[in-house]
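Hi,

Here is the model I promised to pass on.

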Amino acid sequence: MKQLRKLLGSRVVPFCTSAAEALPPAAAASPSHAKALGFLGAIPFIGLSSPVVDQFPVISSLTGIPESDFAKLQVSYGATILSFLGGVHWGLAMTTLTPLKFTAERYIWSVCPCLAAFPTMILPVQQAAAIQAALIGLVYMTDRSWAKRGGLPLWYMKTLRGPLSLVAGTSLVLTAISTTGGTGASGEE
């Protein structure tokens, strides 16, 4: 916490008109490690999408995983990422960067993506992927709202959330479109 205060200094004014105003120039840029980890996290969305798996059947033979299970893995990963996106808000609610009047709102929102994504795990893959793609979009729009109020750094929205939401959502939509029938995470038809 001391390092965060040192980095941000006394100029921190959470929920100001512009998030950029609240951060010193050094903190306004996207940290390279966050960017690298974020984009590495997009690999499972792309690599597990049905069109990619269909184009590279060797993946299934090399891993021993049936092709039909890759879409289930993608949906499982999607639910995990949606939970993570909510967790960002839980973490920020615990800091002094969130004004007390927004703390309850932030805690409540932080569990919504997980609670919405979790039930998709038992749905057929087509439905689960489509719902998760919509959830990725909804969570992105909500995060944009938080960013406009100064509740999220602009670099997070511009260099991570925007592009990564596009990749995740598109990958899930492609799986939803190209998967015929499918089974839920439980493996039942």
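Let me start with a charged pair: K72 forms a salt bridge with D69, and their closest N and O atoms are 3.1 Å apart. By salt bridge I mean a side-chain nitrogen of Lys or Arg within 4 Å of a carboxyl oxygen of Asp or Glu. K72 and D69 are 3 residues apart in helix α8, so about one helical turn separates them. Helices here are DSSP runs of H or I with at least four residues, strands are runs of E with at least two, and both are numbered from the N terminus. K72 is buried, with a relative accessible area of 19%, while D69 counts as partly exposed at 24%. The cut-offs for those words are under 20% relative accessible area for buried, over 50% for exposed, and partly exposed in between, with a 1.4 Å probe and protein chains only.

A word on provenance: this is a predicted model, where local features need pLDDT of at least 70 and side-chain atom pairs count only at pLDDT 80 or more, while totals for chains, interfaces and linings use all residues. Residues are numbered from 1 along each chain as its sequence is written, and side-chain values use heavy atoms, with hydrogens and water left out.

**The other salt bridges**

The structure holds 3 salt bridges. In another of them, the side chains of E105 and R149 meet at 3.2 Å, N to O. E105 lies in helix α9 and R149 in the loop between α10 and α11, so this pair ties together parts that are 44 residues apart in sequence. Both ends are partly exposed: E105 has a relative accessible area of 36% and R149 has 25%.

Then there is R161, which forms a salt bridge with D143, the closest N and O atoms being 2.9 Å apart. This pair links distant parts of the chain, with R161 in helix α11 and D143 in helix α10, 18 residues apart. Buried or exposed, for R161 and D143? R161 counts as buried at 4% relative accessibility, and D143 is buried too, at 0%.

**Overall layout**

The protein has 11 helices and 0 strands. Of its 189 residues, 40% count as buried. Among contacts between residues at least 6 apart in sequence, 71% join residues at least 24 apart, where contact means heavy atoms within 4.5 Å. The accessible surface comes to about 10200 Å², and carbon and sulfur atoms account for 70% of that. Those areas come from the Shrake-Rupley method with a 1.4 Å probe, and for residues only the protein chains shown count as cover.

Helix α10 covers residues 125-148, and at 1.5 Å a residue its 24 residues should span 34 Å, which agrees with the 34 Å between its end C-alpha atoms. The expected span is 1.5 Å times one less than the number of residues. Its buried residues include Q132, D143 and W146. Just after α10, G150 takes a positive phi of about 85°.

Which residues touch the most other members of the largest nonpolar core? Of its 32 residues, they are L152 and Y156. The elements giving two or more residues to this core are α8, α9 (100-117), α10 and α11 (154-178), and α10 gives the most, with 9 residues. A nonpolar core is a set of buried Ala, Val, Leu, Ile, Met, Phe, Trp, Tyr and Cys residues joined through side-chain atoms within 4.5 Å.

**Two buried residues in contact**

Q74 lies in helix α8 and is buried, with a relative accessible area of 0%. Not counting residues up to four places away in sequence, Q74 touches F45, L48, S49, Q132, S171, L172 and T175.

L48 sits in the loop between α5 (43-47) and α6 (50-55) and is buried as well, at 15%. Leaving aside neighbours within four places in sequence, L48 is in contact with I43, V53, F70, A71, L73, Q74 and T175. L48 and V75 are 27 residues apart in sequence, and their C-alpha atoms are 9.1 Å apart in space.

**On the surface**

Finally, W90, M94, V111 and L115 form a nonpolar patch with about 410 Å² of accessible area together. Patches are made of residues with over 30% relative accessible area and no salt bridge, joining like charges within 9 Å and nonpolar side chains (Val, Leu, Ile, Met, Phe, Trp, Tyr) within 5 Å. W90 lies in helix α8 (residues 67-93) and is partly exposed, with a relative accessible area of 40%.

Cheers
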